[in-house]
Structures are given as structure tokens and as C-alpha cells.
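Work through the exercises below with the model open. Try each task before reading its solution.

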Amino acid sequence: SFYDRSIEARKSLVESLGATNTTQRDLLNAYRYAANQRSKLGQLDQAITQYRLHIVPIARTLVADSPTDLRAREDLANVLVEQGSYILSQPDASLHADAVTTLAEARIGWAECLQQRGDDGTGDLTTTRRLLQTEALLAQAYLGSGDSSSARSAIDRANEMAQSAQAKWP
């Protein structure tokens, strides 16, 4: 497919130019686009495998290489939410519990981004929205794992955050 050729081209660039922030992020995005297409074709297992084997590890490498890079942290939180969403999209609800760890890490990542950003501007609002979305997905994952108490905690955190955001941005 086009996306597989794109991945191969990006891998070639990483090999020839080195694993720079830019080449790694390009490879990360090529994998993400391919996984997205696989999910749209009903190949959720393959998409989830791409996240587990390639996408999340590359995002973690970007954060490790540039720990103060807010964009790298946002990329990691984004890919963790995407992976969790794909897990929750599986028809077999017994697999939904697998999303808990991934989404819990994404929630922590978004909270760190929000704390690091701290500008009360548009970026802050966007990060707050993403954190709220992650809490909702996390509640769904907790429910899928049979942990209604943790699901309730996620909902309560989201509710508190929404009230705080409403006060900040009426």
C-alpha cells in the first residue's frame, strides 16, 4: 500500500540521515497513518500491533531524546490515546481492559503537558480538552475491566476539570 511504501521511505531516511528528531517524527507519523488506514479497513489487530511494536516506542524515544520538548510529550500522549481508542474499538469487550494502562499513562502525559504549558491560552485549552477526552476513554476502559470504582474516579476527575475549565474559559 501507499502507506507501507511511505514507512519504508521514512525508514530509509532515518538510516541515511540518522535518527534525528525530524526523521523519527516523520517515521512515527507514517506508521500512524498506516495504522489509521488499517483500522478503517477493519484490521484493528494489525493497527494495535503497529502501535505496540513501532509507534509508541518511537514516541517514547522522542521524549527520551528531548525530555523538555513539549511537542514530543504531546505526540506520546496522542499515540497512547490512539492506541487505547483502537483497543476500545475491538468488538470483544473482554479486551477493553488492555486499554487501562495505556490510557492511564496518556492521562499522566496530558496532565504533565498542561502543567508544563501553563499559559492559559489556546494551547492550554486544547490540552485540557485532550485530557478530558482521555479521562472519558479511561472511564470506558475501567468499565470494560469491571473496575467501576476507578471508572467513577476518572469521571469525577473529568467533571472537576470541566468545571475548572468552564470557570477559566466561560
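H2 and H3 are roughly antiparallel to each other, where roughly antiparallel stands for an angle over 145 degrees. This is a predicted model, in which local features need pLDDT of at least 70, side-chain atom pairs count only at pLDDT 80 or more, and totals for chains, interfaces and linings use all residues. Residues are numbered from 1 along each chain as its sequence is written, and side-chain values use heavy atoms, without hydrogens and water.

**Exercise 1. Describe how H2 packs on H3.**

Step 1. Find the helices. H2 covers residues 21–40 and H3 covers residues 44–65. Helices are DSSP runs of H or I, at least four residues, numbered from the N terminus.

Step 2. Take the geometry. The angle is about 165 degrees and the axes are 9 Å apart. Axes are lines fitted to C-alpha atoms over the stretch in contact, and angles run from 0 to 180 degrees between N-to-C directions.

Step 3. Assign the hand. H2 and H3 cross left-handed; that is, the near helix is turned anticlockwise from the far one by less than a right angle.

Step 4. List the contact (heavy atoms within 4.5 Å). From H2 come residues including Leu27, Leu28 and Tyr31, and H3 supplies Tyr51, Ile55 and Ile58, among them. The classes are twelve nonpolar, seven polar and three charged residues.

**Exercise 2. Is Gln90 buried or exposed? What does Gln90 touch?**

Step 1. Gln90 sits in the loop between H4 and H5.

Step 2. Gln90 counts as buried because its relative accessibility is 9%. Buried means under 20% relative accessible area, exposed over 50%, partly exposed in between (1.4 Å probe, protein chains only).

Step 3. A polar atom of the Gln90 side chain lies 3.1 Å from the backbone oxygen of Ile87.

Step 4. Not counting residues up to four places away in sequence, Gln90 touches Leu44, Asp45, Ile48, Leu95 and His96.

Terms used: Helices (H or I, at least four residues) and strands (E, at least two) are DSSP runs, numbered from the N terminus. A polar contact is a pair of N or O atoms within 3.5 Å; within protein, one must be able to donate a hydrogen and the other to accept it, and residues adjacent in sequence count only if both atoms are side-chain atoms. Angles under 35 degrees count as roughly parallel, over 145 as roughly antiparallel, 65 to 115 as roughly perpendicular and the rest as oblique. Ala, Val, Leu, Ile, Met, Phe, Trp, Tyr, Cys and Pro count as nonpolar, Asp, Glu, Lys and Arg as charged, and the others, Gly among them, as polar.
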